[in-house]
Amino acid sequence: MTAQLLTGIGELTTNDDELGRLHDAALVLDDGVIAWVGPAAAAPVADTRTDLGGRAVLPGWVDTHTHPVFAGERSAEFEARMAGARYAAGGIASTVAATRAATPAQLGANAARLRREAERQGTTFVEAKTGYGLDVASERASALAAAEVADVVTFLGAHLVPPGIDRRDYLDLVTGPMLAAVAPFAQYVDVFCEEGAFDVEESREVLLAGRRAGLGLRVHGNQLGHSGGVRLAVDLAAASVDHCNHLDAADIAALADSSTVATFLPACDLSTREPFGPARELLDAGGRIAIATNCNPGTSYTTSMAFCVATAVLQMHLTVEEAVFAATRGAARSVGRDDLGVVRVGAPADLQALEAPSVVHLAYRPGVPLTAAVWRAGALVAGGRFP
């Protein structure tokens with residue numbers, strides 16, 4: 001590849017403790033990685049040169065909680081919630097029926113559409129879950145579709161017990177034949193530890209089976225109440241526990257004393273009208289946090305990480321810097337990647353430029369499409385037309 005100089009960067013958010021936030025900066029991208037970082041005035045010569053005209057640059061979004069493999073939509077359910085109906089986990093079953101009826105090609109095309117949509121908005125890394133098939137053949141097909149579009153695949157056979165099957169029989173299926181069929185295509189196992197889905201002991205059984213199969217652990221926990229999912233995730237040293245709407249002081253202390261990343265999903269909280277999770281309190285206690293979209297057809301049908309970042313600032317009392325970190329490097333830590341979401345020499349050249357002079361505009365101008373360009377592994381994949 002040719003070495004590319006990106007210069008005229010008005011503000012560069014590096015997420016690197018040593019570099020911090022730079023002004024009047026430049027970058028050199030070479031062979032898919034960042035080869036040089038520093039002041040524009042000291043930039044070396046490269047094969048090509050692009051002047052960003054004072055635009056802000058930051059790492060690409062790292063979206064570590066999505067459900068993009070599905071068919072159908074649930075706008076009627078959303079409308080009912082907005083009219084006062086309470087969200088319940090059982091709504092997942094309607095998407096399961098549509099997903100089972102779809103062809104693998106249809107599932108793959110829809111997942112690819114959502115990945116492209118996310119990429120145009122600055123997302124350069126995506127985790128994708130199965131969980132809308134809930135039988136062996138459909139979960140395997142979902143994992144294959146996810147592997148085509150995502151950077152990390154998570155097996156979520158334990159999303160819900162589908163209608164028409166005994167609960168014990170389904171747990172045996174998830175931890176046996178279904179896990180065996182999906183594990184070759186997945187890196188993590190997940191479970192919906194919640195009233196209406198799986199209790200703590202059932203969730204523990206699923207997670208331990210996944211661990212024996214060589215998968216890392218993730219948990220949906222404490223979304224609708226004090227389900228015990230957070231404590232379970234900490235006990236098993238899970239990579240992440242996601243939702244975390246309902247945390248008491250002991251939950252916060254346990255998370256702060258662990259390596260488990262608490263992933264907050266603010267767009268989902270708006271859609272379900274659940275209280276926002278206490279990200280501010282957890283961060284102040286020393287916990288690790290991430291922000292993700294939870295893109296799915298029932299409770300968070302968005303691919304916009306910028307919207308989630310703006311919501312975290314405006315509604316959850318994070319600073320812009322904290323929210324951006326949580327949606328990039330903080331999220332990357334939940335998939336075991338310390339080289340993503342950071343701008344430093346040797347890191348992947350996964351970047352985005354904003355049609356704005358500072359990342360502050362992500363929350364200052366909420367809802368405005370600010371993505372001006374996106375680079376993935378040094379290649380321009382969206383935008384990039386600069387005057």
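Start with His67. Leaving aside neighbours within four places in sequence, His67 is in contact (heavy atoms within 4.5 Å) with Lys129, Thr130, Tyr132, Leu156, His159, His220, Asn294, Cys295, Asn296 and Pro297. This is a predicted model, where local features need pLDDT of at least 70, side-chain atom pairs count only at pLDDT 80 or more, and totals for chains, interfaces and linings use all residues. Residues are numbered from 1 along each chain as its sequence is written, and side-chain values use heavy atoms, with hydrogens and water left out.

Stay on His67. It sits in the loop between strand 6 (61-63) and helix 1 (75-82). Helices (H or I, at least four residues) and strands (E, at least two) are DSSP runs, numbered from the N terminus. Is His67 buried or exposed? His67 is buried, at a relative accessible area of 2%. Buried means under 20% relative accessible area, exposed over 50%, and partly exposed in between, with a 1.4 Å probe and protein chains only.

Next, select Asn294. Look in the loop between strand 13 (289-291) and helix 11 (305-316). Asn294 is buried too, with a relative accessible area of 3%. Its side chain makes a polar contact with the side chain of His67 (3.2 Å). Such a contact is a pair of N or O atoms within 3.5 Å; within protein, one must be able to donate a hydrogen and the other to accept it, and residues adjacent in sequence count only if both atoms are side-chain atoms. Beyond four places in sequence, the contacts of Asn294 include His65, His243, Leu265 and Cys268.

On a 1 Å grid over the protein atoms alone, a cavity is a set of points where a 1.4 Å probe fits but cannot get out; lining residues have an atom within 4 Å of a point. Grid points are joined across faces, edges and corners, and a volume is the space filled by probe spheres set on the points. How many cavities of 30 Å³ or more are there? The count is 3.

The largest cavity holds about 120 Å³. It has 13 lining residues, and Tyr87, His159, Asn294, Asn296 and Thr299 are the closest to its centre. The lining divides into 4 nonpolar, 8 polar and 1 charged. Here Ala, Val, Leu, Ile, Met, Phe, Trp, Tyr, Cys and Pro count as nonpolar, Asp, Glu, Lys and Arg as charged, and the others, Gly among them, as polar.

Move to the second largest cavity, at about 90 Å³. Its lining includes Asp63, Arg115, Val149 and Thr303. Helix 3 (residues 104-120) gives the most to that lining, with 4 residues.

Finish on the backbone. Just after helix 11, His317 takes a positive phi of about 70°. Asp24, in strand 2, has a positive phi near 50° and is exposed at 56% relative accessibility.

Methods:
1 Å grid on protein atoms, 1.4 Å probe; cavity = no way out; pocket = protein on both sides within 12 Å on 5 of 7 lines; lining within 4 Å.
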